[in-house]
Amino acid sequence: MKKHDVLGALVKSGLVAVVRAEDAATAEEIAAACLAGGLSAVEITFTVPGALEIIGSLRAQYKNELLLGAGTVLDSETARMAILAGARYVVSPHLNQETAKLCNRYQVPYLAGVMTVREAVEAMECGVDILKVFPGELYGPAIIKSFLGPLPHANFMPTGGVSLENVGEWIKSGAVAVGVGSQLTAPAKLGNYEAVTAYARNMLSAIKAARGS
């Protein structure tokens with residue numbers, strides 16, 4: 001997939017599952033459960049043991065069915081390994097300029113974390129495609145409108161603090177997509193992957209409704 005195709009698919013979905021798990025088997029089960037709920041955008045974070053192997057395994061199993069990303073990428077070395085393993089996009093909790101440069105070189109979307117307008121502008125100057133508002137729970141949906149005031153051309157994706165109850169507010173505030181972690185994946189700790197599937201499906205429906213309104 002070309003870079004613009006990946007970005008288009010992320011925005012069209014409007015939802016990225018942020019997968020943090022204790023082992024590879026759980027992470028892969030979560031990815032499968034998300035896909036069963038209609039959610040193809042899955043971010044495997046590098047806090048998961050064996051994250052690189054998980055990305056490679058999921059890419060081999062699902063090919064283009066899953067829109068796989070690598071999360072919690074702190075440096076360009078990790079980003080390059082993730083891309084070679086099959087990650088379609090790279091996500092960081094902060095802006096790392098060397099990672100931005102590498103992703104731009106290989107035309108891979110880079111989603112970097114920002115907390116202020118200054119950080120947002122610096123990220124855009126480095127070619128960041130979607131600005132990850134993180135941690136979202138410190139702000140609430142109103143922060144998106146505040147950012148869009150001086151930066152109406154920017155693309156924001158809050159992560160953290162996004163739930164089924166408030167996702168509509170985030171979307172109506174102007175977020176192009178949202179990242180959801182524990183709210184979505186928590187049932188996996190109890191082996192309840194059906195609940196993960198149901199939550200993903202309900203989140204996608206809520207996003208669609210918010211966009212329609």
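**Pockets**

I started with the lining of the largest pocket: by class, 9 residues are nonpolar, 9 polar and 6 charged. Here Ala, Val, Leu, Ile, Met, Phe, Trp, Tyr, Cys and Pro count as nonpolar, Asp, Glu, Lys and Arg as charged, and the others, Gly among them, as polar.

I noted the ground rules next. The model is predicted, so local features need pLDDT of at least 70 and side-chain atom pairs pLDDT 80 or more, while totals for chains, interfaces and linings use all residues. Residues are numbered from 1 along each chain as its sequence is written, and side-chain values use heavy atoms, with hydrogens and water left out.

A pocket is an open set of points on a 1 Å grid over the protein atoms alone, where a 1.4 Å probe fits, with protein on both sides within 12 Å along at least five of seven lines; lining residues have an atom within 4 Å of a point. Volume is the space filled by probe spheres set on the points, with grid points joined across faces, edges and corners.

The largest pocket has a volume of about 430 Å³. I found 24 lining residues, with Val18, Arg20, Gly181, Ser182 and Thr185 nearest the centre. Helix H2 (24–36), strand E8 (178–180) and helix H9 (182–185) each give at least two lining residues. H9 supplies the largest share, 3 residues. Helices (H or I, at least four residues) and strands (E, at least two) are DSSP runs, numbered from the N terminus.

The second largest pocket holds about 150 Å³. Its lining has 7 nonpolar, 1 polar and 3 charged residues. Among them are Met1, Lys2, Tyr106 and Gln107.

**Core**

Which residues touch the most other members of the largest nonpolar core? I got Leu39, Ile44, Tyr89, Phe156, Val178 and Leu184, out of 75 residues. Helix H10 (residues 193–212) gives the largest share of this core, 8 residues. Such a core is a set of buried Ala, Val, Leu, Ile, Met, Phe, Trp, Tyr and Cys residues joined through side-chain atoms within 4.5 Å. Buried means under 20% relative accessible area, exposed over 50%, partly exposed in between (1.4 Å probe, protein chains only).

I checked Cys34, which sits in helix H2. Cys34 is buried, at 0% relative accessible area. Beyond four places in sequence, Cys34 touches Ala17, Leu39, Val42, Leu184, Val196 and Ala200. Contact means heavy atoms within 4.5 Å. Cys34 and Thr185 are 151 residues apart in sequence, yet 9.1 Å apart from C-alpha to C-alpha.

**Ser173**

Ser173 is in helix H8 (residues 167–173). Is Ser173 buried or exposed? I read 11% relative accessible area, so Ser173 is buried. A polar atom of its side chain lies 2.8 Å from the backbone oxygen of Glu169.

Most residues other than glycine have a negative phi, and most peptide bonds are trans. I looked for exceptions. A cis peptide bond joins Phe134 and Pro135, with omega about -5°. Pro135 lies in the loop between strand E6 (130–133) and helix H7 (142–148).

Thr72 has a positive phi of about 55°. Thr72 is in the loop between strand E3 (67–71) and helix H4 (76–85), and counts as buried at 18%. Gln107 also has a positive phi of about 55°. Gln107 sits in the loop between helix H5 (97–105) and strand E5 (110–114), and is partly exposed at 47%.

Methods:
Polar contact = N/O pair within 3.5 Å; in protein donor to acceptor, adjacent residues only side chain to side chain.
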